[in-house]
Amino acid sequence: MKRSMRVFLLGFVLLATIFSMSYIYINQRVDNLKHEKYMTTATKMKDELNRLINKKSEAILLTSLTLSQNTAVKNFLNTKKHKELKLDNLSSLLRKYTSLTDVWFQLLDTNGVSVYSSWHTKKGDNFSNTKLDVAKILTISKIISTISVGRFDLTFKCMVPIYGKYGRFIGIVETTS
């Protein structure tokens with residue numbers, strides 16, 4: 001009986017060892033598969049987020065570039081008296097027919113002073129000393145595209161220098177969404 005008990009115990013220990021090792025192997029394999037799935041999903045989400053960010057940044061840039069070439073915008077910056085400039089209407093159209101919601105436009109003169117804003121009627125704020133991007137574009141006269149992360153939102157912004165006749169710098173169009 002002692003011998004059969006030993007054989008039984010040895011078999012039991014062997015079976016318990018095999019079961020324990022199988023359990024550990026299976027759990028490790030499941031953890032590895034979960035990790036691989038997580039990494040694949042995380043990579044896909046990151047790629048999709050980058051695609052969406054690039055798409056929105058490009059849409060804001062295209063809108064700004066279009067406005068920088070607009071005759072009514074150029075006339076307004078040259079004369080400051082063009083009454084037909086209604087960029088708030090453009091904001092409404094973009095909101096209605098595109099994925100660009102809450103798009104706002106601002107025109108700045110050659111000194112960084114706000115001369116038009118689509119979201120309010122106040123004019124005359126000088127941003128050349130208070131906004132780094134305005135000071136930068138006045139210095140380098142190149143397109144600036146930024147993404148700002150605020151406390152409660154994410155804002156896409158593009159600033160494009162506007163040139164009039166003979167390549168003379170006449171102002172800046174700023175588009176924010």
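Two strands are said to pair if DSSP finds at least two bridges between them. Helices (H or I, at least four residues) and strands (E, at least two) are DSSP runs, numbered from the N terminus. The structure is a predicted model, in which local features need pLDDT of at least 70, side-chain atom pairs count only at pLDDT 80 or more, and totals for chains, interfaces and linings use all residues. Residues are numbered from 1 along each chain as its sequence is written, and side-chain values use heavy atoms, with hydrogens and water left out.

- An open sheet is formed by 5 strands in the order 2-1-5-4-3, with antiparallel pairing.
- Strand 2 (114–117) and strand 3 (144–149) are at the edges and have a single partner strand each, so one side of each lacks a neighbour in the sheet.
- On average, neighbouring strands of this sheet are turned by 20° against each other, direction ignored; axes are lines fitted to C-alpha atoms, for helices over the stretch in contact, and angles run from 0 to 180 degrees between N-to-C directions.
- Strands of a sheet pair through backbone hydrogen bonds, either parallel or antiparallel.

**Strand 5 and its partners**

- Strand 5 (residues 169–176) pairs with strand 1 (residues 104–108) in the antiparallel sense over 5 bridges.
- Within this pairing, Phe105 stands opposite Thr175, and Leu108 has Ile172 as its bridge partner.
- Strand 4 also pairs with strand 5 in the antiparallel sense, over 7 bridges, and Tyr163 stands opposite Phe169.
- The hairpin of strand 4 and strand 5 has 5 residues between the strands, and Tyr166 takes a positive phi near 60° there.
- Strand 5 is mostly covered, since 8 of its 8 residues are buried; buried means under 20% relative accessible area, exposed over 50%, and partly exposed in between (1.4 Å probe, protein chains only).

**The helix across the sheet**

- Helix 4 (residues 132–140) lies across strand 1, strand 3, strand 4 (154–163) and strand 5, and runs at about 25° to strand 4.

**The nonpolar cores**

- A nonpolar core is a set of buried Ala, Val, Leu, Ile, Met, Phe, Trp, Tyr and Cys residues joined through side-chain atoms within 4.5 Å.
- The largest such core has 20 residues, and Val73, Leu77, Leu85, Leu107 and Ile162 have the most contacts inside it.
- Strand 4 gives the most to this core, with 4 residues.
- Beyond its neighbours within four places in sequence, Leu85 is in contact (heavy atoms within 4.5 Å) with Ala72, Val73, Phe76, Leu107 and Tyr116.
- A second, separate core of 8 residues includes Val134, Met159, Phe169 and Ile172.
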